[in-house]
Amino acid sequence: MAYSAKIGPSILSSDLACLGRECVRMMGCGADYLHLDVMDGHFVPNLTFGHPMVESLRKSVGPDPFFDMHMMVSRPEQWVKPMAAAGANQYTFHIESTTNPGNLIKEIRESGMKVGLAIKPGTTVEELAPWANQIDMALVMTVEPGFGGQKFMEDMMPKVSWLRSQFPSLDIEVDGGVGPDTIHKCAEAGANMIVSGSAVIGSDDPRSVISLLRTVVAEAIQKRSLDR
């Protein structure tokens, strides 16, 4: 199995006035990558930040942290080059937001970034499937995209299980309401990239929460390899 357990704090849950410092703190607490939510007020009702902020953040934290951009935007094609230039490592777009996923995947690759493809709770996993062999990561949303602090949707887990069974080496990410109380469901279903916002960043001891999440996922991966 080519995939491993990776934990990515969602930096939108941090104190935005100290974003660079918060990113450094999360990496120091053992995060494997940073998950950055870009919202445009169209695709989702909320508004966050764009590539100028990403560029500033990259300058602040240096070249090492892996930036996973979750592009909750209505025209993802528009921001590929600016995000690549700003220092993004992975460009995760929503299949619902484009009419030509194949073209966009090619464009992201050519810009030097990894490709993530996301689906909202109302989108079937079969809509993602035709592109699964062309992407680096599939993101199964476990809340409606747009706002933090929502309740984890356990009924999304069959999508994760199906993807893991069909594409055994694919990185599969879950995002929304994931923390110590819900991680076992995600790990058992086959998710290996875990986005966690308030459960990690709002914790008194982020290091121990990250460690717990990673351990649960790593044990599930090991069990799956033994069961094969």
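Modeller: Two strands count as paired if DSSP finds at least two bridges between them. The model discussed here is predicted.

Colleague: What makes S1 and strand S8 (residues 193–196) a pair?

Modeller: DSSP finds 4 bridges between S1 and S8, and the requirement is at least two, so the two strands pair. They run parallel. One of the contributing residues is Pro9, whose bridge partner in S8 is Ser196.

Colleague: How do you know on which side of H2 its buried residues lie?

Modeller: The buried residues in helix H2 (residues 51–61) are Val54, Leu57, Arg58 and Val61. Around the axis they cover an arc of only 100 degrees, which places them on the same side of H2. Pro52 and Lys59, on the other side, are exposed. Helix H1 (19–28), strand S2 (34–39), strand S3 (67–72) and H3 are what the buried residues of H2 pack against. After H2 comes Gly62, with a positive phi near 85 degrees.

Colleague: What makes the buried residues of H4 line one face of the helix?

Modeller: In helix H4 (residues 101–110), Pro101, Gly102, Leu104, Ile105 and Ile108 are buried. Viewed down the axis of H4, these residues fall within an arc of 165 degrees, and so they line one face. Their cover includes helix H3 (80–86), strand S4 (90–94) and strand S5 (114–119). H4 is followed by Gly112, where phi is positive, near 90 degrees.

Colleague: Why is the pair formed by Trp162 and Phe167 called edge-to-face?

Modeller: The structure holds 1 aromatic pair. The ring centres of Trp162 and Phe167 are 6.3 Å apart, and the limit for a pair is 6.5 Å. Their planes stand at 70 degrees; edge-to-face is the name for planes over 60 degrees apart, so the term applies.

Colleague: Are Trp162 and Phe167 buried, partly exposed or exposed?

Modeller: Phe167 has a relative accessible area of 14%, and buried means under 20%, so Phe167 is buried. Trp162, at 28%, counts as partly exposed, because that class lies between 20% and 50%.

Colleague: How do you know where the charged ends of Arg58 and Arg164 sit?

Modeller: The charged end of Arg58 is 3.8 Å from the centre of the ring of Phe67 and sits over that ring. For Arg164, the ring is that of Tyr3, and the distance to its centre is 3.7 Å. The distance limit for a charge over a ring is 6 Å.

Colleague: Finally, why does Phe147 count as it does for accessibility, and what is Phe147 in contact with?

Modeller: The relative accessibility of Phe147 is 47%, so Phe147 counts as partly exposed; the exposed class begins over 50%. Phe147 lies in the loop between strand S6 (137–141) and helix H5 (157–166). Neighbours within four places in sequence aside, Phe147 is in contact with Met39, Pro45 and Asn46.

How values were computed: Residues are numbered from 1 along each chain as its sequence is written. This is a predicted model: local features need pLDDT of at least 70, side-chain atom pairs count only at pLDDT 80 or more; totals for chains, interfaces and linings use all residues. Side-chain values use heavy atoms; hydrogens and water are left out. Rings of Phe, Tyr and Trp (its six-membered ring) pair if their centres lie within 6.5 Å; planes under 30 degrees apart count as stacked, over 60 as edge-to-face and the rest as tilted. Buried means under 20% relative accessible area, exposed over 50%, partly exposed in between (1.4 Å probe, protein chains only). A charge sits over a ring if NZ of Lys or CZ of Arg is within 6 Å of the ring centre and within 35 degrees of the ring normal. Helices (H or I, at least four residues) and strands (E, at least two) are DSSP runs, numbered from the N terminus. The arc is that of the directions from the helix axis to the C-beta atoms. Contact means heavy atoms within 4.5 Å.
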